[in-house]
Amino acid sequence: MSMLRFCNQIRNNAPHSLRFSRFINSLQFATVKAEEISGSQPAEVQSLVQGKWIQDGNWNTILDPLNGESFIKVSEVDESGIKPFVESLTKCPKHGLHNPFKSPERYLLYGDVSAKAGHLLSTPEVSDFFTKLVQRVSPKSYQQAYAEVYVTAKFLENFSSDQVRFLARSFGVPGNHLGQQSHGFRWPYGPVALITPFNFPLEIPVLQLMGALYMGNKPVLKVDSKVCIVMEQMLRLLHACGMPMEDVDFINSDGGTMNKLLLEANPRMTLFTGSSRVANKLAYDLNGRVKLEDAGFDWKILGPDVHEVDYVSWVCDQDAYACSGQKCSAQSLLFVHENWGKTSFMHQLSTLAGRRKLDDLTIGPVLTFTTKAMLDHKNNLLRIPGAKLLFGGEELENHSIPSIYGAIKPTAIFVPIEQILKKEHYELVTKEIFGPFQIITEYKDNQIPMVLEALERMHAHLTAAVVSNDPLFIQDILGHTVNGTTYVGLRARTTGAPQNHWFGPAGDPRGAGIGTPEAIKLVWSCHREVIYDHGPVPNNWQIPPST
């Protein structure tokens, strides 16, 4: 036998995991080229149901957020077309596609899929493809977009091999007599739904989708149509890595159609990431069968101990203005101890914000607020006694961002803490503006109770930061607050959550987490107790009197 023939035979008989190595440096799964998407070469996005990609005649044209050209056509399903999606979900039983007693090999399947997908997403060519695709639809700097791809790849690597089945680890407790034991298991919900926003078009849907699949659920996924092309391409990558086509349905539609689908299909659990208004509507419509990661009006406190002014200034700029402030963890309200006023902190913060340019997308389009809406909010705030504009507050210059989006310079407004607490001002000051916009206030040592009162009255408890190395100050703040993801210490931040710790709100039983084993088990599974009682029945047992 020739050496070439021998090598070919070895290759053809090799397991798929080895043959997959021939694929890892290619973009064979992709149906678009990120750099070529434009008004002259618009991309098209399809839906996926019952294992087949479908294309409806209802096209939603997405405008390029940088120049207003029609650069993506999304084939959207309307209310008359939801039947296949309803049927697909209702075919999935309550006990899921797999569980500890049914098809356990699927835990291994998803460990294998995650390993391959994590490896593929980490290769330079594929990583660059998704980074640039994210930039096209949710404009942010290359570094910020790459960070999203990096975190997603690391998450997939974390849940490779046996790590998926470890999520379903059970526990046993001895019973009251011989032959009796109780065992606790993590159990899937079966048919589930995911609805995810525009600002992290890869990271949020992938981390939540894979968590749903790991635990044995059958999900239908809807991503904001403005950015859904990213997840469409990622699903194609997952299919190339061995994920069964039928395991996930992917629907592109408007909100009303998705709401109708949820009411008719009646999923056992729905994960929603987005605005508080929609979150509360879904909680009502779905009788509470929801997990939510909703609005985040996030705060940061600079403590009385001043250190590393340059570094703290840089982190504050990143937290408030990276991704043009379009992070649910973005710094919205900054409490600055008076000691920081004796430093160059405010000057440096203004200088750092001024460095941001549309050219490199360190500042860019705001996709959910118009320029007018943000400037109107600025003007309303400036009517508060003692309020003043610190920097920004103007429309970006020399831009072609369409008017349906927003385009303002990084903005900070000072509002006295006494005014923040007034009933007539508090709601205005704590209104979340999903853009490059923050409120800054100052406090003294004897005003810490006022700071805590302001925090207690907030309704969103996602991220927070306490920038201090004073253990007593930290203890006081932590003991009187509730935010689910709180960073503490000199290097504390509110944004940039990696894949290695919990990210999610606290203080709400509906709150969802993301990224960790604890988050996956909380959101995508429930507890099932199985009590084994095999006997034997004691010798000489007799039927006792009725009780």
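The close-ups below show a predicted model.

**View 1. Lining of the second largest pocket, with helix 6, helix 8 and helix 12.** Helix 6 (142–158), helix 8 (203–214) and helix 12 each contribute at least two residues to the lining of this pocket. The second largest pocket has a volume of about 990 Å³. Its lining comprises 41 residues, and those nearest the centre are Q144, A147, K327, T495 and G496. By class, the lining of the second largest pocket holds 18 nonpolar, ten polar and 13 charged residues.

**View 2. Helix 12 against helix 13.** Helix 12 spans residues 309–321 and helix 13 spans residues 345–354. Their axes come within 9 Å and cross at roughly 45°. The crossing of helix 12 and helix 13 is right-handed.

**View 3. Residues in the contact of helix 12 with helix 13.** On the helix 12 side, the contact involves V309, D310, V312, S313, W314, C316, D317 and Y321. Facing them in helix 13 are F345, Q348, L349, L352 and A353. The residues of this contact divide into nine nonpolar, two polar and two charged.

View 4. C323 lies in the loop between helix 12 and strand 14. Its phi is near 55°, a positive value in a residue other than glycine. Most residues other than glycine have a negative phi.

View 5. Helix 11 gives the most, with five residues. The lining of the largest pocket divides into 18 nonpolar, 14 polar and twelve charged residues.

View 6. A search of the whole structure finds one cavity of 30 Å³ or more. The space in the largest cavity is about 110 Å³. Of the 18 residues that line the largest cavity, F297, S332, E432, I433 and F437 lie nearest its centre. Strand 14 (331–337) and strand 17 (437–443) are the elements that give two or more residues to the lining. Strand 17 gives the most, with three residues. By class, the lining of the largest cavity has eight nonpolar, seven polar and three charged residues.

**View 7. The peptide bond from G535 to P536.** This bond is cis, with omega near 15°. P536 is found in the segment after strand 20 (526–533). Most peptide bonds are trans.

Note on methods: Residues are numbered from 1 along each chain as its sequence is written. This is a predicted model: local features need pLDDT of at least 70, side-chain atom pairs count only at pLDDT 80 or more; totals for chains, interfaces and linings use all residues. Side-chain values use heavy atoms; hydrogens and water are left out. Axes are lines fitted to C-alpha atoms, for helices over the stretch in contact, and angles run from 0 to 180 degrees between N-to-C directions. Helices (H or I, at least four residues) and strands (E, at least two) are DSSP runs, numbered from the N terminus. A crossing is left-handed if the near helix is turned anticlockwise from the far one by less than a right angle, and right-handed if clockwise. Contact means heavy atoms within 4.5 Å. Ala, Val, Leu, Ile, Met, Phe, Trp, Tyr, Cys and Pro count as nonpolar, Asp, Glu, Lys and Arg as charged, and the others, Gly among them, as polar. On a 1 Å grid over the protein atoms alone, a cavity is a set of points where a 1.4 Å probe fits but cannot get out, and a pocket is an open set with protein on both sides within 12 Å along at least five of seven lines; lining residues have an atom within 4 Å of a point. Grid points are joined across faces, edges and corners, and a volume is the space filled by probe spheres set on the points.
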